[in-house]
Amino acid sequence: MSRLFFREAIARAIAEEMERDPRVILLGQDIAAHGGSYAETRGLFERFGPSRVRNTPVAEAVTVGLAAGAAAAGLRPLAFITYIDFLMLGLDPLVNYAAKLRFKSAGQLSAPMVVKATAGAKGQGPTHAQSLDSWLMNVPGLTVLAPSTAGDAYGLLKTAMRAPGPVVFIDHKRLFPLGGVVPDAEELIPVGSAAVRREGRHVTLVAHSYMSLVSLEAAKQLAAAGIEADVIDLRSLWPIDWGTLANSARGTGHALFIEEGQEVCGVGAELAFGLQERVPGLRVARLGTRRTPVSASPVLEAYAIPSAQRIAQSALQLLARNRSVETAQGSL
């Protein structure tokens with residue numbers, strides 16, 4: 001095992017896949033000599049040359065469209081979108097072409113491409129800090145991945161770059177400078193596999209990406225109050241690992257879904273309903289960013305997005321609310 005920064009784990013995964021498969025090409029803004037906006041492609045331009053590491057204009061529709069066409073023609077492109085906010089400009093080639101190509105061609109064509117989009121709030125204001133993960137879960141034909149650790153970034157990205165159809169790989173700005181353990185030997189992580197980060201018996205906390213780390217901090221606060229939380233890191237937003245979620249929920253009877261995106265039509269809304277169908281009697285709550293654009297002000301940004309303290313408070317409220325319901329039902 002080696003200890004790498006999150007961004008180094010991404011660079012290692014990309015380099016290994018480029019060595020393994022000459023069809024892999026990179027497309028994106030400032031990814032060549034500059035080394036990427038988050039230094040995740042540093043050294044790749046010098047190593048693989050301009051024919052395989054190509055800068056694109058500041059035009060996300062062009063970047064995704066080029067990737068979709070190259071994939072349909074037999075290459076395996078990895079397209080970089082610096083801010084997921086601007087993936088909206090590339091949704092037409094991603095949603096209407098790449099995600100549906102296999103279906104429209106009766107399986108004769110495919111688009112084996114990866115779009116790596118960076119999400120999350122980090123002091124950059126309302127149009128560079130959104131988490132639009134749930135938008136992508138809605139599209140048939142897309143696989144959506146969101147790692148929280150360096151090891152998962154390495155294993156999931158390698159899996160994504162070998163996948164037969166389009167994958168959206170979502171990382172978070174606050175993860176790039178964090179370190180983590182990465183296996184020295186190649187280790188792929190299958191899609192649709194969540195990870196249990198902490199075990200507990202009172203409440204299940206379900207999160208992904210950076211919110212998984214914040215949820216672990218919340219679990220420590222809950223433990224100090226005598227509440228032990230199961231912390232589930234989704235890793236894969238679609239497909240969903242319903243088995244791991246259901247096993248945890250059956251044991252705790254309570255589930256809190258945490259995300260940095262909006263609660264309305266969010267990841268937590270889908271998971272809460274889907275898990276209640278699978279675990280009758282499950283008591284649920286969700287917590288996301290407050291219903292406001294994320295501010296560039298550090299104070300207002302911290303107020304908007306879920307913190308460890310807010311997560312812990314929401315979990316306690318979920319448990320207390322349901323104890324009150326049980327008491328009321330018992331008195332009838």
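1. Points are joined across faces, edges and corners, and the volume is the space filled by probe spheres set on them.

2. Please keep in mind that this is a predicted model: local features need pLDDT of at least 70, side-chain atom pairs count only at pLDDT 80 or more, and totals for chains, interfaces and linings use all residues. Residues are numbered from 1 along each chain as its sequence is written, and side-chain values use heavy atoms, with hydrogens and water left out.

3. Lining residues have an atom within 4 Å of a point. For the second largest pocket they include Trp135, Trp238, Cys265 and Glu270. Two or more come from each of α6 and α10 (267–278), helices being DSSP runs of H or I with at least four residues and strands runs of E with at least two, numbered from the N terminus.

4. The largest pocket has a volume of about 310 Å³. Of its 24 lining residues, Gln130, Ser131, Leu132, Gly261 and Gln262 lie nearest the centre. Strand β13 gives the most to this lining, four residues.

5. Both domains take part: domain 1 (2–182) and domain 2 (195–331), with bounds from an automatic or database domain assignment, each give at least three residues to the lining of the largest pocket. The lining of the second largest pocket likewise draws at least three from each.

Note on methods
1 Å grid on protein atoms, 1.4 Å probe; cavity = no way out; pocket = protein on both sides within 12 Å on 5 of 7 lines; lining within 4 Å.
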